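Below is a briefing on a protein–DNA model. Please look over the sequence and structure first, then read the points grouped by topic.

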There are 2 protein chains.
Amino acid sequence: MKDFFEKLDEQKRERILNAAIKEFAYKKYEDASTNNIVSAAQIGKGMLFHYFGNKKNLYLYLYRYVREVMDKEIYSRIDYESGVLPIILKQLAKYNLETFKRHPSITDFIAQCNRETSPEVHDDIQNIRNERGVKIKEDIIYKNLDMKLLKPEFREKQTIKLIHWALDGYISEIKGSYNGENLDQLPVEEIMTDYDSYMDIICKAFYL
Amino acid sequence: MKDFFEKLDEQKRERILNAAIKEFAYKKYEDASTNNIVSAAQIGKGMLFHYFGNKKNLYLYLYRYVREVMDKEIYSRIDYESGVLPIILKQLAKYNLETFKRHPSITDFIAQCNRETSPEVHDDIQNIRNERGVKIKEDIIYKNLDMKLLKPEFREKQTIKLIHWALDGYISEIKGSYNGENLDQLPVEEIMTDYDSYMDIICKAFYL
DNA sequence: AAAACAATCGACCATCTTGGTCTATATTAT
DNA sequence: ATAATATAGACCAAGATGGTCGATTGTTTT
């Protein structure tokens, strides 16, 4: 059934994926409209149901898909060895932006899924979530940090949180400013250069 | 017409306001449902239209209302004199939390209004917005800062942004964790004590 | 070229939701 | 008791919903 979908050429497949992810990202399951999806994806209505059978299947397919993307494109690529938070966060930021470029609404979609309470899909999401242990980003980061690299007066968990919030702030601003159009030309390398200068300030302030 | 509404006892009035603000906060104007509002506010459907005439009037009334609240309860109370960013941000944070307590979705509602593209209300919002000059929070803050209070090596705009993001991060986390229930017991004073300890770290790191 | 097969569209369906109305009932004031 | 006001929710036409299906187009296979 979904074989039909997976055999589509990449362009069309991603058009459908992104249209659907976007629709589900900003509405609860029940409010999301398959009509909006097909019209944004520029396909006939019949096709969506030919590929996925029904709304619920589509939704669960998307959830599995984005989880896999996040895992493969981001989390599994992080190198925690340095023990320096800004270095770890920079990797996260970079891979995150690259994924954002392909699937702009992916983060919001996942957040929406986690909030989802619709009885029709709630349990299924929980099940998929538990299939593989949920990688809780923050826990993994915190466990791999070397606090001795911080200046002595800053060796507290609160410092870690502040650094996290500060550097995430920059990425959020970038994402916010690219809401909409020219996304395929998002200059990741350039952004990472700016990221470095923020990182330098943080390191100068908190690290030895 | 809306006199009827304003003469309601406070409890009911705020129930209606919050139900409506919440409904409009997370959906575009066209997707927001007056049915959801009346059922959340526990009033009959007729009443909503008795008070506001129609959906659009309700929406614009809300927008005027929240703008006034934000102005009166937050922006106009800030004292910029110290020129020290964390001190200014702390005031913002405190007043913000108090407002959040009364109207949990107010910030999201305003954000949604600013994004709003529905032709039926877009222009009206812009007009209300321009009635009084928009106070752009960040501009006012930046203009009143005394950079000489920072350690010399940190006297850059980037430092300011980092501090801003970092401290806003704490407030966002608090707001996120109180999503839903026990909001009337949100311990603002206690939170501000924690805020102080984050503030201290920032000051120790960046200020003389 | 014909026939067989697959991919695609969008009109169509019953059902539900929408913003808004209006009548019938409570409640209050006189 | 009467008049005036406040309230609820059944009801309406219009539109949107998830899902179906016959018709059409495009691509192979013969």
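Predicted model: local features only at pLDDT ≥ 70, side-chain atom pairs only at ≥ 80, totals over all residues.

A polar contact here is a pair of N or O atoms within 3.5 Å; within protein, one atom must be able to donate a hydrogen and the other to accept it, and residues adjacent in sequence count only if both atoms are side-chain atoms. Residues are numbered from 1 along each chain as its sequence is written, chains are lettered from A and ligands numbered from 1 in the order in which they are written, and side-chain values use heavy atoms, with hydrogens and water left out.

**Relation of the two protein chains**

**Annotated region**

- In the unreviewed UniProt entry, the annotation "DNA-binding region" covers residues 33-52 of chain A; UniProt positions are given in the numbering used here, feature names are shortened, and annotations may be inferred rather than shown by experiment.
- That span, residues 33-52 of chain A, is 80% helix and 0% strand, and its end C-alpha atoms lie 15 Å apart; helices (H or I, at least four residues) and strands (E, at least two) are DSSP runs numbered from the N terminus.

- Of the atoms of DNA strand D that come within 4 Å of the protein, 51% belong to sugar and phosphate.
- Phosphate oxygens of DNA strand D lie 2.7 Å from a polar side-chain atom of A:Thr34 and 3.1 Å from a polar side-chain atom of A:Asn35.
- The side chain of A:Lys45 places an N or O atom 2.8 Å from a base nitrogen of DNA strand D.
- Two or more residues each come from α3 (34-41) and α4 (45-52) of chain A and from α4 (45-52) of chain B.
- With four residues, α4(B) gives the most to the surface near DNA strand D.
- By class, this surface has six nonpolar, seven polar and four charged residues; Ala, Val, Leu, Ile, Met, Phe, Trp, Tyr, Cys and Pro count as nonpolar, Asp, Glu, Lys and Arg as charged, and the others, Gly among them, as polar.

- Sugar and phosphate make up 57% of the atoms of DNA strand C that come within 4 Å of the protein.
- A base oxygen of DNA strand C lies 3.0 Å from a backbone N or O atom of A:Gly46.
- A polar side-chain atom of A:Tyr51 is 2.9 Å from a phosphate oxygen of DNA strand C.
- The surface near DNA strand C takes its largest share, four residues, from α4(A).
- Its residues divide into six nonpolar, eight polar and four charged.

**Individual residues**

- A:Gln42 lies in the loop between α3 and α4 of chain A and has a positive phi, near 60°, in a residue other than glycine.
- A:Gln42 counts as exposed because its relative accessibility is 60%; exposed means over 50% relative accessible area, buried under 20% and partly exposed in between (1.4 Å probe, protein chains only).
- B:Lys161 is found in helix α10 (residues 157-177) of chain B and is buried, with a relative accessible area of 19%.
- Beyond its neighbours within four places in sequence, B:Lys161 is in contact with A:Glu173, A:Tyr198 and B:Tyr142.

Technical notes:
Near = heavy atom within 4 Å. Contact = heavy atoms within 4.5 Å.
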